[in-house]
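Please read the numbered points with the model in view.

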Amino acid sequence: MKMKSMGYFAFVLLSISILSYGLSGAVYAQEAPVLPLSVTSDLPTYSSGDSITISGSIKTLAEYSQSVTIVVVSPDGNIVTIAQVIPSSDGSYTTTLKAGGTMNTSGDYEIRAQYGAQKITSTFVFTAEGSTPEPTPEPEPTPEPEPTPEPEPTPEPEPTPEPEPTPEPEPTCGAGTELVNGMCQVIKTTEPTPKSGGGCLIATAAYGTELAPQVQFLREIRDNTVMSTESGTSFMTGFNQLYYSFSPTIADMERENPMFQEAVRAFITPMVSTLSIMTLADSGSEAEVLGLGISVIMLNLGMYIAAPALIGVKSYKHFKSRK
């Protein structure tokens, strides 16, 4: 009787263990993992002129407000666009761009999102207008093997000439300079016109290369947004006359002085961030480009002139009151 009771008790314990394991497995199976950072596009495929909406969410926001950096890369590895989006309080973010322009290659485009140290990628397919699959080349006929010629007699070895002295290596010049009489000098170029598009000399020298994402972002804002309107083209005509009168000298100073280069980079980085506002304007819209352009100019005037002036006046009054 005692052995029968112990067997019944062991059977009950085994049944409870099996049921609890099954229930816990079901509970854990229902909890889907949540990625710390996500990014996706609203559609899997696009064509020229379509509106592309990129969105995602952040599981854990940083203690301080920072933007999500979104980079779209073409199939050949070139950066198509860069956007910086401030996430909302619930961690979601979204931005919109138009297919076409610098997106002129059909294929898989990669979306790269970064928030602090968190990174994630996604893809979509873009089909350019008028793109057709390349024809398959016909196989070339296999040439018939030529008859092996008889070996020629081995010539007598010629005397080894004495090695000539190795010339000293020429110095390597950086971007925007050329070697003249053994010295690196700044390349003198003609002043670019708004239609031809010029290089951002100061930003290129500050970030070290014109392939830097910040430089390509400035070029895209200028070519695809500002110069898509008549008012923007007129503004760039007057701006280029002023900008290219002093920018080659500053760019040359940046290449010669690394500390000055870092200072210029820190000075222009807030301005590059404010220009992301121009991505909200539709290409060719005079009202949107003019209105957002004036907002960016006023924002930079307040940030670079009004704020320092106010701080200087407050400091002067403070020190004067202490005397």
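1. Leu290 is partly exposed, because its relative accessibility is 46%; the term covers values between buried, under 20% relative accessible area, and exposed, over 50% (1.4 Å probe, protein chains only). This residue lies in helix 7; helices (H or I, at least four residues) and strands (E, at least two) are DSSP runs, numbered from the N terminus. The model is predicted, so local features need pLDDT of at least 70 and side-chain atom pairs count only at pLDDT 80 or more, whereas totals for chains, interfaces and linings use all residues. Residues are numbered from 1 along each chain as its sequence is written, and side-chain values use heavy atoms, with hydrogens and water left out.

2. Leu290 also belongs to a nonpolar surface patch of about 760 Å², together with Phe235, Phe239, Ile294, Ile297, Met298, Leu301 and Ile305. Helix 4 (230-243) and helix 7 (286-322) are the elements that give two or more residues to this patch. Helix 7 provides the largest share, six residues. Patches are made of residues with over 30% relative accessible area and no salt bridge, with like charges joined within 9 Å and nonpolar side chains (Val, Leu, Ile, Met, Phe, Trp, Tyr) within 5 Å. The areas come from the Shrake-Rupley method with a 1.4 Å probe, and for residues only the protein chains shown count as cover.

3. Strand 3 (residues 51-58) runs antiparallel to strand 1, and five bridges join them. Strand 3 is also antiparallel to strand 6, with seven bridges between them. Two strands pair if DSSP finds at least two bridges between them. Gly56 of strand 3 is the bridge partner of Val39, and Gly56 stands opposite Tyr93 in strand 6.

4. The second largest pocket has a volume of about 740 Å³. Its lining consists of 33 residues, of which Thr96, Leu97, Lys98, Thr279 and Ala281 are the closest to its centre. Strand 5 (79-85), strand 3, strand 6 and helix 3 (213-225) each supply at least two lining residues, and the largest share, six residues, comes from strand 5. On a 1 Å grid over the protein atoms alone, a pocket is an open set of points where a 1.4 Å probe fits, with protein on both sides within 12 Å along at least five of seven lines; lining residues have an atom within 4 Å of a point. Grid points are joined across faces, edges and corners, and the volume is the space filled by probe spheres set on the points.

5. How many salt bridges does a search of the whole structure find? The search finds three, a salt bridge being a side-chain nitrogen of Lys or Arg within 4 Å of a carboxyl oxygen of Asp or Glu. One joins Asp223 and Arg222 at 2.9 Å, N to O. Arg222 is buried because its relative accessible area is 10%, whereas Asp223, at 34%, is partly exposed.

6. In another salt bridge, the closest N and O atoms of Arg265 and Glu262 are 3.8 Å apart. These two residues are three residues apart in helix 6, so about one helical turn separates them.
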